[in-house]
Amino acid sequence: MQTAPILSVDQLAKKFSTSFRRSLWYGVKDIARDLNPSGLRHSQTGNDLRKTEFWGLQDVSFSLNRGESLAIIGDNGAGKSTLLKVLNGLIKPDVGQVRIQGRVGALIELGVGLDPVLSGRENIFVRAALLGMSRRQVAPLVDQIIDFTGLGEAIHMPVQFYSSGMTARLAYAVAAHLNPDLLLVDEVMAVGDLDFQRKCIRHMQQYLAEGGSIILVSHVPYHIQAVCGRGLLLEKGRVLFAGTATETLDRYFTRQHESVTSLVERSSTRLGPDRPVVIGSLTVKTAQGTAAKSGGDVCVTLTCESLTSVDNVGWSFFIWTNDGATCITSAINEVPLTLKAGRNELVCRLPRLPLMAGGYQLKAAVFEIGSMQVLAHLGWEDAPERLLVEEDQVSTMKNMQATVQQLITLDVEWTFAR
């Protein structure tokens, strides 16, 4: 028997006004309409935009089951925090419905829900009371919450003297340990130190294993991949893509790459005396010119232009994660080459592409071998090229490797112990 989702969002929409005075007047009219809908027959409905209004969220629909985790991904201003505030009941939607089965624990803005005059310990009981828990119910959890915060004697200080990191520790510990059915987390880990972030990640993973549900807003890909199984990409308040967390991150970084590429002028257009060599493109394809596949035989091709003939030249390419944060691997050719004046094409072959299916960034450099002086580069100051690796064949092992965010595969010869 299939259970009902813990969270169901149906065609959710929320609008805001750029004028403070008009927003107050619109608020009064909306309250009057809700109290007496029949008396305002000619008034506008929640689907209509009035003067100075814009959509913060529009037509957002999704559901979340128990034990599932969802990442909300998007640029600043995409509507991520607004969505979480609507889910937590802090903002009333103009259109659509939100159904939640169970109790919600939320960390939406740093320090919200904490009384700055009270001590950290006293705030634990205040937050529990706001969630409908009695002092007797929360008392057995207090030592566990305090231990998780790692604040020590500072737990007895007024919260107004806490640093942002200390406040984040207290806020997360309180919200996460009061046994909510759904946990909403918005960028809170960004102000914590590395130890606190690791502790939160481990706690979230355990919380999910015990049947809890999480909606996480973060700009850190590692946090998303470590916690979330699903992803939702927002752009200007609308759902642009929904899929696995990895697929959603790939789609997000692809759009960022396309945006940067459209704004950045590629250096190949600036060939001149001060830039005698420029790189035009870098591609990874099969010998037949088709898309690269995981484990397949591919060719890496770099095209460049040279103002004059240049001897003793080497070249290299670098493969980075889709977010541009980590260089996965690289290859450097130190066999001397000669660039002729005009267009040149440099090619190398990878008999087996070790990358897992997904999106990656490509960067390259052309250099003088003797001095290692860089003559031209691509992807460092301008937009990198994009590489999309397709899956050769789907299997249980491939799914397991994707689940743990594996990036490459190794050729291994297994032997039996003697």
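Start by selecting Ser213, which you'll find in strand β7 (residues 213–217); helices (H or I, at least four residues) and strands (E, at least two) are DSSP runs, numbered from the N terminus. A quick note on what you're viewing: this is a predicted model, where local features need pLDDT of at least 70, side-chain atom pairs count only at pLDDT 80 or more, and totals for chains, interfaces and linings use all residues. Residues are numbered from 1 along each chain as its sequence is written, and side-chain values use heavy atoms, leaving out hydrogens and water.

Back to Ser213. Is Ser213 buried or exposed? Ser213 is buried, with a relative accessible area of 0% (buried means under 20%, exposed over 50%, partly exposed in between, with a 1.4 Å probe and protein chains only). Leaving aside neighbours within four places in sequence, Ser213 is in contact (heavy atoms within 4.5 Å) with residues including Ile6, Leu64, Asp181 and Tyr207.

Now click on Ile214. Not counting residues up to four places away in sequence, Ile214 touches Leu64, Leu70, Met204 and Val227, among others. Ile214 is also one of the residues that touch the most other members in the largest nonpolar core, which has 48 residues. Such a core is a set of buried Ala, Val, Leu, Ile, Met, Phe, Trp, Tyr and Cys residues joined through side-chain atoms within 4.5 Å. Helix α5 (residues 164–177) gives this core its largest share, eight residues.

Next, highlight helix α6 (residues 194–209). Its 16 residues should span 22 Å at 1.5 Å a residue, and the end C-alpha atoms are 23 Å apart, which agrees; the expected span is 1.5 Å times one less than the number of residues. Buried residues of α6 include Phe196, Ile201 and Leu208. Among the elements covering the buried residues are α4 (135–149), α5 and β7. Just after α6, look for Gly211, with a positive phi of about 105°.

Then colour β8 (residues 230–235) and β9 (residues 238–244), which pair in the antiparallel sense over six bridges (two strands pair if DSSP finds at least two bridges between them). Glu235 stands opposite Arg238 in β9. This hairpin has two residues between the strands, and Lys236 takes a positive phi near 55°.

Last stop: an open sheet of three strands in the order β2-β1-β4, with antiparallel pairing. Its edge strands are β2 (53–64) and β4 (95–100). Select Leu7 and you'll see Ile100 of β4 opposite.
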